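Here is a report on one protein chain, written for work with the coordinates at hand.

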Amino acid sequence: MIERQRPIEQDMVKRRSNFDPVEENFTDEQAKLEASRCLNCKNPLCSKGCPVSVKIPDFIKQIKEGNLQSAGEIIRQDNMLPSVCGRICPQERQCESKCILGIKQKPVAIGALERYVGDNSEAKKVEITENNIKVAIVGSGCAGMSAAADLRCAGFDVTVFEALHELGGVLRYGIPPFRLPRTVLDREIASLKEMGVKFEKNVVVGKSITLNQLKEEGFKAIFICSGAGLPKMLNIVGENLNGVYSANEFLTRVNLMHANQDDTPTPLKVGKVAAIIGGGNVAMDAARTAVRVGFDEVYIVYRRTEAELPARLEEIRHAKEEGIIFKFLHNPAEILGENGFVKSMKLEVMELGEPDASGRRRPVGTNTYIDMPLDTVIVALGTGPNPIIQKSAESENIAIETDSKGYIVINELAQTTVDDIFAGGDVAPLGESTAIKAMGAGKRAAKTIIEKFNSNK
């Protein structure tokens with residue numbers, strides 16, 4: 001009979017002009033109330049819906065009993081980043097979608113409870129027995145941090161190589177602070193450093209150092225989890241005009257390079273009207289960021305209807321509250337400019353046909369067009385794998401197999417076609433496009449590496 005608790009949210013008008021977190025954490029009272037809604041099922045389907053199989057009823061029971069440290073220890077057995085995952089995972093499509101309570105009522109707010117526990121408990125100090133086996137991890141995002149934690153606990157000498165000047169991968173450059181406060185991310189990284197994980201920044205593996213050089217330095221295994229940083233663009237006329245960004249570039253410039261601040265060496269030209277092309281979480285992040293940096297009007301242009309939007313429902317709701325305008329059933333056909341800058345965009349009106357391979361109805365052009373005046377276009381159509389490591393491997397005669405799209409081919413154990421090289425996350429073609437799924441990929445790779453060297457003893 002208890003209603004699902006909702007975190008207090010920052011005023012929708014005020015938050016348009018700041019990057020502070022939109023949601024506050026549960027209060028102690030809210031957390032206990034929400035935890036009391038859990039049915040403590042004997043067959044917890046919620047855990048089966050979690051890509052890393054967190055023991056959800058067990059940690060929720062500890063919240064009810066007021067044992068937050070115990071709750072945190074239970075979560076961290078499977079998920080070393082509860083404060084991160086509690087904020088950005090699509091719980092409504094994973095654990096919460098399996099909640100039995102959700103059949104007749106609203107499901108337990110598992111994500112909010114995980115965030116609450118993550119923020120109010122400490123990672124337990126792990127006693128480590130060193131095995132002196134060096135492992136290199138390429139990329140400090142979710143997959144890399146997850147693998148680093150498990151490998152370090154097993155006694156490996158772990159070094160994480162990050163191409164950028166700050167750690168965290170897409171969590172740092174892609175996700176805005178109003179969704180993931182940097183203090184939270186820094187705290188999670190600090191816990192890995194305390195375990196003895198080493199981090200090397202400003203190192204582009206494949207350029208700064210090659211895979212063979214890593215092996216020469218004594219690394220017995222290499223886990224490649226460099227993400228998918230290569231933007232997919234529209235490939236239409238006008239895409240090379242000033243004022244056209246990939247969402248990757250736009251978010252990186254604001255989140256990592258602080259391009260919206262007055263004293264930045266790489267300022268961002270803020271116009272009046274921006275259109276974000278796409279309907280996923282990245283599109284929502286880009287649109288909500290555009291509002292905060294000062295655009296007067298911000299549009300989401302999506303070629304299907306609202307029913308097909310792939311973004312989280314919470315992100316869509318927040319975007320609407322912040323004044324973002326959704327333009328459904330429209331698709332960019334051409335970007336028009338003046339003196340080298342964007343002036344407008346020609347949009348084709350679409351209608352929905354039969355379902356495609358994704359199960360969503362296919363958008364079909366109607367040959368009817370409208371002109372949309374604007375000065376900024378941000379393309380959020382997804383990304384592909386950066387080819388630097390793959391090309392470097394080829395030049396070194398390292399036979400890492402890739403598919404037709406450039407993804408590194410792996411098996412279900414995260415093994416590549418090279419014995420001591422493993423891969424996972426967005427650089428591999430297994431669809432690890434959420435934080436928790438990438439963490440699952442990291443855990444799989446770590447497990448395989450641990451078992452490989454244990455079997456050699």
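E322 is buried, with a relative accessible area of 0%. Buried here means under 20% relative accessible area, exposed over 50%, and partly exposed in between (1.4 Å probe, protein chains only). Accessible areas come from the Shrake-Rupley method with a 1.4 Å probe, and for residues only the protein chains shown count as cover. The model is predicted: local features need pLDDT of at least 70, side-chain atom pairs count only at pLDDT 80 or more, and totals for chains, interfaces and linings use all residues. Residues are numbered from 1 along each chain as its sequence is written, and side-chain values use heavy atoms, with hydrogens and water left out.

**Salt bridges**

Side chains of opposite charge can pair when their charged atoms come close. The criterion for a salt bridge is a side-chain nitrogen of Lys or Arg within 4 Å of a carboxyl oxygen of Asp or Glu. The structure holds 30 of them.

| Pair | Closest N to O distance |
|---|---|
| R288 and E322 | 3.0 Å |

Take R288 and E322, which form a salt bridge. R288 sits in helix α12 (residues 281-293) and E322 in the loop between α13 and β9 (325-328), so this pair ties together parts 34 residues apart in sequence. Helices (H or I, at least four residues) and strands (E, at least two) are DSSP runs, numbered from the N terminus. R288 is buried, at 1% relative accessible area. Salt bridges with shared partners join R6, E9, R15, R179, D285, R288, R292, E314, E315, R317, E321 and E322 into one network.

R15 is buried, with a relative accessible area of 1%. E321 counts as partly exposed, at 21%.

D420 lies in the loop between α14 (388-395) and β15 (421-423), and K215 in helix α10, 205 residues away. K215 is partly exposed, at 26% relative accessibility.

**Helix α9**

Does the length of α9 agree or disagree with its residue count? At 1.5 Å a residue, its 14 residues (182-195) should span 20 Å, and the end C-alpha atoms are 20 Å apart, which agrees. The expected span is 1.5 Å times one less than the number of residues. Buried residues of α9 are R182, V184, L185, E188, I189, S191, L192 and M195. An α-helix has 3.6 residues a turn, so residues three or four places apart point the same way. The cover over the buried residues of α9 includes α5, α6, α7 (142-153), α8 (170-173), β3 (198-200) and α11 (247-255). Just after α9, G196 takes a positive phi of about 105°.

**Positive phi outside glycine**

N202 has a positive phi of about 60° although it is not a glycine. It is found in the loop between β3 and α10 (211-216). N202 is exposed, with a relative accessible area of 52%. H258 is another residue other than glycine with a positive phi, near 55°. H258 lies in the loop between α11 and β7 (273-277). At 38% relative accessibility, H258 counts as partly exposed.

**A buried glutamine and a nonpolar patch**

Q62 lies in helix α3 (residues 56-64). Q62 is buried, at 16% relative accessible area. Leaving out residues up to four places away in sequence, Q62 touches N67, S70, A71 and I74. Contact means heavy atoms within 4.5 Å.

Which residues form a nonpolar patch on the surface? They are L39, L45, I100 and I103, with about 350 Å² of accessible area together. Patches are made of residues with over 30% relative accessible area and no salt bridge; like charges are joined within 9 Å, nonpolar side chains (Val, Leu, Ile, Met, Phe, Trp, Tyr) within 5 Å. I103 is found in the loop between α5 (82-88) and α6 (110-119). At 64% relative accessibility, I103 counts as exposed.

**The whole chain**

The secondary structure of the protein chain comes to 15 helices and 15 strands. Its radius of gyration is 23 Å, close to the 23 Å that the globule rule gives for 457 residues, so the chain is as compact as a globular protein of that length. The radius is taken over C-alpha atoms, and the rule is 2.2 Å times the number of residues to the power 0.38. The C-alpha trace spans about 65 × 65 × 50 Å along its principal axes. Of the 457 residues, 54% count as buried. Among contacts with a separation of 6 or more, 69% come from residues 24 or more positions apart.
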